[in-house]
Amino acid sequence: MKRFRFPLRPVAVLRAHREIRAREAFAASVHTYVQSEENLRATRARVAQFEATLFAGRRGSFNAADEAAQLAAYRRECGVEAEAERATFAARSAMDKSRAEYLEAHRKLEVVKRLEIKARTDHRLQANREEQSEFDDYAGRMALSRRGASSPLGRQPSYSS
């Protein structure tokens, strides 16, 4: 049987490398997105704490200097929260883009893999046909030799072309 050789093997290797790189980029973008989500969550918790502090401070005595400082800190924290939201949206967008690139690379690799599977199946079927043909030829020769040995006077039948 002739050895199987897939002519698109170099393409499959290149696509496998691209898929691995795309998977790693996707994993990095997921990690970045998760970190930005955690940062946003922590920032929102700090903003909620500032709001609770400001609300609680209004029940007691009023000190304008303290209130101004707390309000300024609250506004800064709101600005940090808005920046964290923008960073989270950007990380989400980057993650979606890298996911699409990974899925495309994976799809392209799967196409080549399916082609290889189909080529291997065709090769196997062709090899089985050749093997069956050889068995048929051998069986025909054996039947012919047995028939020749059992013919009257031991003569071989002559086949002229």
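Leu115 lies in helix H2, which covers residues 64-149, in a model that is predicted. Together with Leu8 and Val11, Leu115 makes a nonpolar surface patch of about 200 Å².

Glu77 is also found in helix H2. Is Glu77 buried or exposed? Its relative accessibility is 12%, so Glu77 counts as buried, the cut-off for that class being under 20%. Which residues does Glu77 touch, apart from its neighbours within four places in sequence? The contacts are Thr43, Arg46, Val47 and Phe50.

The next topic is the aromatic rings. The structure has two aromatic pairs. One joins Phe4 and Phe6, and this pair is stacked because the ring planes meet at 15°, where stacking requires planes under 30 degrees apart. The other is formed by Phe26 and Tyr102, again stacked, with 0° between the planes. The values for each pair are set out below.

| Pair | Centre to centre | Angle between planes |
|---|---|---|
| Phe4 and Phe6 | 6.4 Å | 15° |
| Phe26 and Tyr102 | 6.1 Å | 0° |

The pair of Phe26 and Tyr102 links distant parts of the chain, as the two residues are 76 residues apart. Phe26 belongs to helix H1, residues 9-57, and Tyr102 belongs to helix H2. Both Phe26 and Tyr102 are buried. In the other pair, Phe6 has a relative accessibility of 8%, so Phe6 counts as buried.

A ring also takes part in an arrangement with a charge. The charged end of Arg92 is placed over the ring of Tyr33, at 5.5 Å from the ring centre.

The remaining values describe the chain as a whole. How many helices and strands does the chain have? There are two helices and zero strands. Of the 161 residues in the chain, 19% are buried. The chain exposes about 12400 Å², and carbon and sulfur atoms supply 56% of that area. Among contacts with a separation of 6 or more, 80% are between residues 24 or more positions apart.

Technical notes
Residues numbered from 1 in each chain as written. Predicted model: local features only at pLDDT ≥ 70, side-chain atom pairs only at ≥ 80, totals over all residues. Heavy atoms only, no water. Helix = DSSP H or I, 4+ residues; strand = E, 2+ residues; numbered from the N terminus. Buried < 20%, exposed > 50% of the residue type's maximum accessible area, 1.4 Å probe, protein only. Contact = heavy atoms within 4.5 Å. Areas by Shrake-Rupley, 256 points an atom, 1.4 Å probe, with all protein chains shown as cover. Patch = residues over 30% accessible without salt bridge, like charges linked within 9 Å, V, L, I, M, F, W, Y side chains within 5 Å. Salt bridge = Lys/Arg side-chain N within 4 Å of Asp/Glu carboxyl O. Phe/Tyr/Trp six-rings, centres within 6.5 Å; stacked < 30°, edge-to-face > 60°. Lys NZ or Arg CZ within 6 Å of the ring centre and 35° of its normal.
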